[in-house]
Amino acid sequence: MSPDSTTNQRNAGVPPAGVGVPRPHGISLGDFELSIFSDGIYPLDGGAFFGVVPKLMWSKKAVADERNFVAAGLNCLLIRTGKQNILVETGVGNKLSEKMIKIYGQPAKLLDNLGAGGVAPDDIDIVINTHLHFDHCGWNTVRRAGRVTATFPKAKYYVQEGEVRHGREQHIRDAVSYISDNYDPLVKSGQMELLRGDHEIVPGVSVRVFPGHTFHMQAVIVTSVGKTACYISDLIPTVAHIDLTWVMAFDLSPIETINSRQRYYAQAIPERWLTVFTHGADVPWACIEKDLAGKLVARPVV
Ligand SMILES: [Zn+2]
């Protein structure tokens with residue numbers, strides 16, 4: 001998604017009519033290629049998005065529409081290592097219930113955007129879900145002739161075992177966020193591998209658990225020729241959330257989010273990692289730094 005094509009979308013809260021398929025962002029990281037492919041833009045309540053932060057403060061960084069919705073991106077990351085094509089996250093997908101479509105819409109642009117970038121579902125070797133909320137794993141599967149099957153038939157899928165366990169628990173706090181068709185058929189068929197903690201997926205691509213948003217959310221760390229990027233997922237959902245205490249109301253454990261962010265920054269800032277944001281509608285990635293006063297700032301990367 002290009003910055004110029006999305007600025008207006010953010011300001012309007014929802015995408016204006018006539019906006020075409022966004023162009024993917026692309027960047028080299030050592031020998032790897034990283035590209036953002038969006039599943040579209042969807043509305044999130046600004047109060048929920050920024051938690052205890054007063055609107056007086058967050059409205060300087062995100063524009064709300066008349067219903068108090070702000071536009072959230074659905075950035076999926078394609079990592080081309082030269083040996084594998086690895087897709088991190090699969091957006092909202094196209095299996096939402098009518099009730100959820102009324103709330104969130106159903107942008108469902110990921111396959112179109114991948115196709116426009118020359119990437120077919122068969123080209124994906126690995127899918128990594130950071131967690132199993134419906135807006136992160138929706139295109140894991142599709143419904144065809146009444147059957148739910150893998151969207152990426154040749155891919156091995158990875159997620160933390162604890163996420164599947166929590167999703168199946170259907171706790172009253174967050175049951176609505178877990179749609180079992182996004183993962184249970186893959187677990188059953190053996191196509192989805194359940195991880196227990198930090199793990200190297202392939203050389204240069206590993207996952208690290210950062211609890212807070214959920215109890216088992218994992219970030220994806222990509223390293224090639226001394227350069228590192230991290231798909232930080234909902235630990236830091238947008239560039240507007242980089243402050244340690246700007247934590248979403250959705251988070252199950254806000255204190256753990258803050259602790260996880262501190263642990264992340266302790267390595268990512270001195271080592272100059274590129275941070276990739278899932279829900280940035282117009283800024284999909286940036287380098288987070290401390291300015292001379294010690295304040296966290298985001299240096300844009302184009
Ligand atoms: Zn999310």
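Tutor: Happy to! One term to start with: a residue is called buried when its relative accessible area is under 20%. Keep in mind that this is a predicted model.

Student: Okay, so is Gln160 buried or exposed?

Tutor: Gln160 counts as buried, because its relative accessibility is 3%. You'll find Gln160 in strand S8.

Student: Which residue's side chain makes a polar contact with the side chain of Gln160?

Tutor: That's Gln218, with a polar contact of 2.8 Å between the two side chains. Leaving aside residues up to four places away in sequence, Gln160 also touches others, including Leu195, Val207 and His216.

Student: And what does strand S8 pair with?

Tutor: S8, residues 156–160, pairs with S9 in the parallel sense, over four bridges. Across that pairing, Val159 stands opposite Leu194 in S9. Helix H7, residues 161–169, packs on the sheet and touches both S8 and S9. The direction of H7 makes about 75° with that of S8.

Student: Zooming out, in what order do the strands of the sheet come?

Tutor: The order is S1-S2-S3-S4-S5-S8-S9, seven strands in an open sheet with mixed pairing. Strands S1 (25–29) and S9 (192–195) are at the edges, and each has a single partner, so one side of each has no neighbour in the sheet. From one strand to the next, the twist averages 25°.

Student: New topic! Which residues coordinate the zinc ion?

Tutor: Asp135, His136, Asp234 and His279 do, at 2.0 to 2.7 Å. The aspartates use OD atoms and the histidines use NE2. In sequence, the spacing of these donor residues is D-H-x97-D-x44-H.

Student: Why is the arrangement irregular?

Tutor: The angles subtended by the four donor atoms go from 87 to 156°, and that makes the arrangement irregular. To count as tetrahedral, all angles would have to lie between 85 and 135 degrees.

Student: Where do Asp135 and Asp234 sit?

Tutor: Asp135 is in helix H6 (residues 134–137), while Asp234 is in the loop between strand S13 (227–231) and helix H9 (254–268). They are 99 residues apart, so this pair links distant parts of the chain. Both Asp135 and Asp234 are buried.

Terms used: Residues are numbered from 1 along each chain as its sequence is written. This is a predicted model: local features need pLDDT of at least 70, side-chain atom pairs count only at pLDDT 80 or more; totals for chains, interfaces and linings use all residues. Side-chain values use heavy atoms; hydrogens and water are left out. Two strands pair if DSSP finds at least two bridges between them. Helices (H or I, at least four residues) and strands (E, at least two) are DSSP runs, numbered from the N terminus. Axes are lines fitted to C-alpha atoms, for helices over the stretch in contact, and angles run from 0 to 180 degrees between N-to-C directions. Contact means heavy atoms within 4.5 Å. Buried means under 20% relative accessible area, exposed over 50%, partly exposed in between (1.4 Å probe, protein chains only). A polar contact is a pair of N or O atoms within 3.5 Å; within protein, one must be able to donate a hydrogen and the other to accept it, and residues adjacent in sequence count only if both atoms are side-chain atoms. Donors are N, O and S atoms within 2.8 Å of the metal (3.2 Å for Na, K and Ca); water is not among the atoms, so sites may look incomplete. Four donors count as tetrahedral if all angles lie between 85 and 135 degrees; four count as square planar and six as octahedral if opposite donors are over 155 degrees apart and all others between 65 and 115; anything else is irregular.
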